[in-house]
Amino acid sequence: MHPFASYVLRSYYKATGWNEDNLYANLTRSSNAILDFTVPRGLHFSISKSPNPLFKTTYSMTAMPSLNGSFGYIFTSCDLNVKSSRTIPFKDMIERFRIYDQPRRPEGKEEEWLAGERVDQRDYLMYGRFYLPTGRLDALYSTRLSPTVQGMVAAISDPPSNIPAEMRGRNANVSNIMLSLQHDVGKWCTEYNYSAEDGMWGVRFLHNFGRLGNPLEPSEEASSRVKVKRVDEEDAVEGGLKGRVSIGAELYFSAKEKSAGVSTGVRFTTLPDATPPSAQLPSSDSPQPLPSQIHQPPTTVTCLFNPMLGHISTAYTAKTSRDLALSTRFDFNVYSFESEWTMGAEYWLRRRPHFDDDESSPEEPIQESPLKPIYHPDTQQEVQGIFKARVSTNNDVSLLWEGRIRNMLVGLGLVSDLSSRAKPIKAIGLELSYFSSENSE
């Protein structure tokens, strides 16, 4: 599940209107959610608190296999509606398969004027975390330079005593500072990166084919969900998939290592966007769903190629039913002929909510208002957890269950090596997370 700091960062992007999914680095995020999920190691606890909409604190401790911990602080310039672990929608804390919404041009905040002078300030987020007993310090600063430009500064400070003995003679330094500048106009997105530790410069870009989605006003959103075309004006080909294509690449050069690298990738995603929230999907008060939503399963196909290393990775991910998504990936190296085949699945666990006798049964909705949502059994079942499984030709098997027990989010995972009889279980872990917010209490 997402750490609390990651959840706050995503909430900040959502509040400021920034689309983090329109980046080349996140090209394979949908398949990675099933094939590269993180299994907790040992026993891990985390407690976080949001005393006000601007300031957040988080504390974590790992009890096994070794005892260590950390504490962090987050401050934002804008109010964030951060919920508690008891009230937050479970899917907001899980890395899961999604069909991301249509790319849109980011919009800046509205101008504020006072006595003829502009008084509004650009949004920013500051984050810091200190680790015990190592003394490592992580820091992050993100700010919106313009409606379509965002800058980020990340730093890692590690005491020299933490450097391994074999690396001390190489003048190695684990401390680092990284700069990133992102320019997103919806149709395409460019990212410029610099790492001071190895003098690495990099540039990434992602181009989306098709038309962009138009920002919708809240009053116009409901009436536009059924009328607005997705991207293509043509009707779907009979027996085929209708979708949009994104192509990207990255190029980086290290002055210290005197080496360079390049990679390119392509992604195909079906339309319409089948994962809410989407401005194009009918809401619960829409009596009829879109026809294309019924005939076309949510599907994502990606392909990555690194010509210098000779590595090719292709992935196919699809949602076969309401609660089941399957994914498969094939990795191949044209120089060494090494290959790996990975398969994974995620299954959502639901339960029907309990209704008291004196409450109106959802099977018989009140017809007084024509805008009252029509009951559908799929939408009224509460999500109580998710189960993920991954297996590869390297004989590695990973299992993960994540759910909510009362007011706490829980994750339980296992990693096994089927080829080892001496140690078939490589790792097992339990993660407990609790956070509260004054806005949701």
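Y12 touches T76, C78, L80, D123, Y124, L125, S142, T143, R144 and Q150, leaving aside residues up to four places away in sequence; contact here means heavy atoms within 4.5 Å. The model is predicted: local features need pLDDT of at least 70, side-chain atom pairs count only at pLDDT 80 or more, and totals for chains, interfaces and linings use all residues. Residues are numbered from 1 along each chain as its sequence is written, and side-chain values use heavy atoms, with hydrogens and water left out.

Y12 is also one of the residues that touch the most other members of the largest nonpolar core, along with Y7, F90, L125 and F435. This core has 26 residues. A nonpolar core is a set of buried Ala, Val, Leu, Ile, Met, Phe, Trp, Tyr and Cys residues joined through side-chain atoms within 4.5 Å. Two or more residues come from each of α1 (4-16), β6 (124-132) and β18 (382-392). The most come from α1, which gives seven. Helices (H or I, at least four residues) and strands (E, at least two) are DSSP runs, numbered from the N terminus.

Helix α1 has 13 residues and reaches 18 Å from its first C-alpha to its last, close to the 18 Å expected at 1.5 Å a residue; the expected span is 1.5 Å times one less than the number of residues. Its buried residues are F4, A5, Y7, V8, L9, S11, Y12, Y13 and T16. Buried means under 20% relative accessible area, exposed over 50%, and partly exposed in between (1.4 Å probe, protein chains only). After α1 comes G17, with a positive phi near 80 degrees.

Y24 is in the loop between α1 and α2 (29-35), while Q182 belongs to strand β9 (residues 176-184). The table gives their accessible areas and side-chain polar contacts. A polar contact is a pair of N or O atoms within 3.5 Å; within protein, one must be able to donate a hydrogen and the other to accept it, and residues adjacent in sequence count only if both atoms are side-chain atoms.

| Residue | Relative accessible area | Side-chain polar contact |
|---|---|---|
| Y24 | 9%, buried | S263, 3.2 Å |
| Q182 | 5%, buried | W18, 3.3 Å |

Beyond four places in sequence, Y24 touches R204, F205, L206, G248, A249, E250, S263, T264, G265 and L304. With the same exclusion of residues up to four places away, Q182 touches W18, L23, T148, V149, Q150, M152, T190 and E191.
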